[in-house]
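Here are my notes on the model you sent over.

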Amino acid sequence: MERASLEPAYILHQRPWRDSSLLIEAFSRRHGRVGLIARGARRSKSKQRALLQPFQPLLLSWTGRGDLATLAGVEAAAAAMPLAGSALFCGFYLNELLMRLLHRHDPHPRLFDDYAAALAGLAGSIDEEVALRLFEKRLLAACGYGLNLTSDIMSGEAVKADREYEYVLEQGPRVCGQGAGGLVLGGSSLLALAADRLDDERVLREVKKLLRAALDMYLGGKPLKTREVLRALRR
């Protein structure tokens, strides 16, 4: 039987199970995404009920094998991230990405830290678009789909800031020729994303287009529910 004790984790999703319990998807630092049964967590007197919420840093303990283990204990690791308004929907968007792209029991400790940093950014003064784009980039890399942002796939030369490039998904950028279509970005935007410097409107607009196309490929064309909500909210 597998046992985990006081494992740093966040709740990604939960739903009712049977009369008084919850089925939980958690993202843990050393075990990756895990499925847990929180028995009795929906009872009014349950001490777990208030803690098992998204964006609350937790320490979880569980026992069991296979896809669903039994939650054995939960403690708050820190105060919950104070997300509100559009930042709250951005947080749910990150959770949906993790649910869709991560396999269970596949550890990603660095991505766990990136997720915590993204939530802190959304709760703080960092621009929401910047926080989302940086996390999307790091999530793709953690899943083995990292973007080539610095090397021309045709010539092998370094990307130049003053040139325009057409980005070929799963390969990388190539200098635009006549009639170039598809994903066209400035070299300056590619280099800015490579360096995590997203402080320009044009850069943000172009890298959003690139990251969205890359994510959509690996999401199998199935739309994200939170993306539709965010789009409607921002209208």
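1. One cut-off before we start: a residue counts as buried under 20% relative accessible area, as exposed over 50%, and as partly exposed in between. Arg174, with a relative accessible area of 30%, is therefore partly exposed. Please keep in mind that this is a predicted model.

2. Let's begin with the barrel. Five strands close up in the order β1-β2-β3-β5-β4, and their pairing is mixed. On average, neighbouring strands in this sheet are turned by 55 degrees against each other, ignoring direction. Leu58 has Ala76 in β5 as its bridge partner.

3. Helix α1 (residues 86-101) touches β1 (3-17), β2 (21-28) and β3 (32-38), and its direction makes about 100 degrees with that of β1. Helix α2 (residues 109-123) touches β1 and β2, at about 60 degrees to the direction of β1.

4. You'll find Phe55 in the loop between β3 and β4. Is Phe55 buried or exposed? Its relative accessible area is 4%, so Phe55 is buried. Setting aside neighbours within four places in sequence, the contacts of Phe55 include Tyr10, Ile11, Leu88, Phe92, Tyr115 and Leu119. For a sense of distance, the C-alpha atoms of Phe55 and Glu206 are separated by 29 Å, and the two residues are 151 apart along the chain.

5. Now the other sheet. Here 3 strands form an open sheet in the order β7-β6-β8, with antiparallel pairing. β7 (172-175) and β8 (183-186) are at the edges with a single partner strand each, so each has one side left without a neighbour in the sheet. From one strand to the next, the twist averages 40 degrees. Strand β6 (residues 164-168) is joined to β8 by 4 bridges, and the two run antiparallel. Within this pairing, Tyr167 has Leu183 in β8 as its bridge partner.

6. Helix α5 (residues 201-218) lies across β6 and β8 and runs at about 145 degrees to β8.

7. On to charges. Side chains of opposite charge can pair when their charged atoms come close. The count for this model comes to 14 salt bridges. One of them joins Asp113 and Arg29, with the closest N and O atoms 2.6 Å apart. Asp113 sits in helix α2 and Arg29 in the loop between β2 and β3, so this pair ties together parts that are 84 residues apart in sequence. Asp113 is partly exposed at 36% relative accessibility, and Arg29 is partly exposed at 30%.

8. Two other salt bridges are worth a click. Arg174 pairs with Glu166, where the closest N and O atoms are 3.6 Å apart; Glu166 is buried at 16% relative accessibility. Arg202 and Glu206 meet at 2.9 Å, N to O. These two are 4 residues apart in helix α5, so about one helical turn separates them. Arg202 is partly exposed, with a relative accessible area of 32%, whereas Glu206 counts as buried at 11%. There is also a network: Glu25, Arg33, Asp67 and Arg104 are joined by salt bridges that share partners.

9. Last, the largest pocket, which has a volume of about 320 Å³. Where does the largest share of its lining come from? Helix α1 supplies it, with 5 residues. At least two lining residues come from each of β1, α1 and α6 (225-234). Among the residues lining this pocket are Leu12, His13, Phe92, Asn95, Met99, Lys222 and Thr226.

Note on methods:
Residues are numbered from 1 along each chain as its sequence is written. This is a predicted model: local features need pLDDT of at least 70, side-chain atom pairs count only at pLDDT 80 or more; totals for chains, interfaces and linings use all residues. Side-chain values use heavy atoms; hydrogens and water are left out. Two strands pair if DSSP finds at least two bridges between them. Axes are lines fitted to C-alpha atoms, for helices over the stretch in contact, and angles run from 0 to 180 degrees between N-to-C directions. Contact means heavy atoms within 4.5 Å. Buried means under 20% relative accessible area, exposed over 50%, partly exposed in between (1.4 Å probe, protein chains only). A salt bridge is a side-chain nitrogen of Lys or Arg within 4 Å of a carboxyl oxygen of Asp or Glu. On a 1 Å grid over the protein atoms alone, a cavity is a set of points where a 1.4 Å probe fits but cannot get out, and a pocket is an open set with protein on both sides within 12 Å along at least five of seven lines; lining residues have an atom within 4 Å of a point. Grid points are joined across faces, edges and corners, and a volume is the space filled by probe spheres set on the points.
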